[in-house]
Amino acid sequence: MNNNVHTGHSRGYARSELNSMLNEVPIVTRWIIGTIVVQTVITRLGYLPYEKTLYHFILATKRFQIWRSFTACFILPARSLPALFDLYTIYSRSTDLEQRRNTMDYTFYLWFCVSMLALLSSLAFGTRTLVNLETSFTFILSYTWSVDNANTRVVYFGLFPILAKYIPLMELFLAFLFNEDFAGPFMGLIVAYMFQCLDTRSFGPIYGSIFHIHGYGFSPIGQFGMPRLIKDLFAKRPTSKKSYMTHGEGRKLGSSFSPSTETTPITFSHADNDAGSGLGSTSSSPHHPTATSTIHRGFPGKGRRLGD
């Protein structure tokens with residue numbers, strides 16, 4: 001029998017590694033990536049019709065199929081390489097944005113952008129058209145990420161370094177140049193820029209660039225988030241836990257015990273001693289003497305045999 005095979009331990013180690021890896025991902029991003037993966041799998045297997053995941057204004061409003069606004073944002077491309085690229089973009093951008101914000105505010109950000117994107121797509125393509133919003137949703141995350149990391153130098157596609165704030169313009173230019181879906185990124189830009197204006201209470205970075213106002217429209221963020229009433233409703237209230245365990249010095253099991261003597265200085269003032277509360281004081285005055293008490297750990301006094 002091969003003694004090098006430890007299946008139980010290996011499975012437990014792999015499970016703990018997977019749990020630790022998942023716990024490092026913020027909670028909202030974890031749900032987004034999980035929903036994308038599950039939706040893609042069941043769609044590919046044929047259990048969920050592709051048309052059911054697309055956004056349709058009439059079906060979403062009159063027939064209350066409100067999930068279409070979100071499922072339309074989680075449709076990955078049919079080809080493997082673009083699908084992996086978009087999935088990584090959503091994961092990396094969403095993780096960074098959520099770590100920079102409160103979870104409730106980030107949830108509100110997603111809800112606002114998806115709602116405005118659904119409304120804008122209805123105005124652009126009509127109320128009876130099935131629309132895929134994944135490209136626009138990915139661009140929304142990329143734009144907000146580029147604004148948060150405006151002066152960070154990144155290597156775009158591993159080819160040339162640029163500042164992060166120019167990535168949205170580069171992606172729009174490439175989409176126009178190679179005849180890709182230009183309307184999707186452009187709608188994402190409009191929605192993300194609208195949120196940026198509300199979040200900074202300004203006219204946005206484009207206004208600052210036109211009138212040469214340095215840093216205008218980039219900060220401060222956090223002016224437009226989850227309403228305070230909802231935050232207070234879901235806020236965690238601190239709970240006090242009583243500990244009934246005694247804390248002492250740790251020792252190895254089976255080791256011999258030798259009583260030790262420690263000298264702990266306890267200082268008190270003469271005035272406090274007269275009032276009968278000096279032993280509880282830890283402050284000393286230069287005008288009053290201090291006393292040092294020796295605390296013996298063990299049994300005080302002389303030892304005697306039983307019966308003496």
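**Figure 1. N102 and the loop between α5 and α6.** In this predicted model, N102 sits in the loop that joins α5 to α6. N102 counts as partly exposed because its relative accessibility is 41%. Although N102 and G222 are 120 residues apart along the chain, their C-alpha atoms are separated by 9.2 Å.

Figure 2. T89 belongs to α5, the helix of residues 80–100. With a relative accessibility of 10%, against a limit of 20% for burial, T89 counts as buried. When neighbours within four places in sequence are set aside, the contacts of T89 are S94, T138 and S142.

Figure 3. T144 is part of helix α7. Its relative accessibility of 2% is why T144 counts as buried. A polar atom of the T144 side chain lies 3.1 Å from the backbone oxygen of I140. Not counting residues up to four places away in sequence, T144 touches L97, R101, Y109 and A192.

**Figure 4. The largest nonpolar core.** This core has 43 residues, and those with the most contacts inside it are Y109, L110, F137 and L141. At least two core residues come from each of α2 (27–44), α5, α6 (103–125), α7 (134–148), β1 (153–156), α8 (167–177) and α9 (183–200). Helix α6 supplies the largest share, 8 residues.

**Figure 5. The hairpin of β1 and β2.** Strand β1 pairs with β2 (residues 160–163) in the antiparallel sense over 4 bridges. R153 has L163 of β2 as its bridge partner. Between the two strands of the hairpin there are 3 residues, and F157 takes a positive phi near 55°. In a regular strand, side chains alternate between the two faces of the sheet. In β1 the covered face carries V154 and Y156, and the uncovered face carries R153 and V155.

Figure 6. The model holds 15 aromatic pairs. In the pair of F74 and F137, the ring centres are 5.8 Å apart and the planes are at 80°, so this pair is edge-to-face. F74 is in the loop between α4 (68–71) and α5, while F137 is in helix α7, so the pair ties together parts 63 residues apart in sequence. Both F74 and F137 are buried. F176 and F182 also form an edge-to-face pair, because their ring centres are 6.1 Å apart and their planes are at 70°. F176 has a relative accessible area of 57% and is therefore exposed. F182, with a relative accessible area of 33%, is partly exposed. One aromatic cluster consists of Y106, F108, Y109, W111, F112, F195 and F224.

**Figure 7. Confidence along the chain.** The average pLDDT of the chain is 79, and 71% of the residues score at least 70.

Notes. Residues are numbered from 1 along each chain as its sequence is written. Side-chain values use heavy atoms; hydrogens and water are left out. Buried means under 20% relative accessible area, exposed over 50%, partly exposed in between (1.4 Å probe, protein chains only). Contact means heavy atoms within 4.5 Å. A nonpolar core is a set of buried Ala, Val, Leu, Ile, Met, Phe, Trp, Tyr and Cys residues joined through side-chain atoms within 4.5 Å. pLDDT is the predictor's confidence in each residue, from 0 to 100. A polar contact is a pair of N or O atoms within 3.5 Å; within protein, one must be able to donate a hydrogen and the other to accept it, and residues adjacent in sequence count only if both atoms are side-chain atoms. Two strands pair if DSSP finds at least two bridges between them. Rings of Phe, Tyr and Trp (its six-membered ring) pair if their centres lie within 6.5 Å; planes under 30 degrees apart count as stacked, over 60 as edge-to-face and the rest as tilted.
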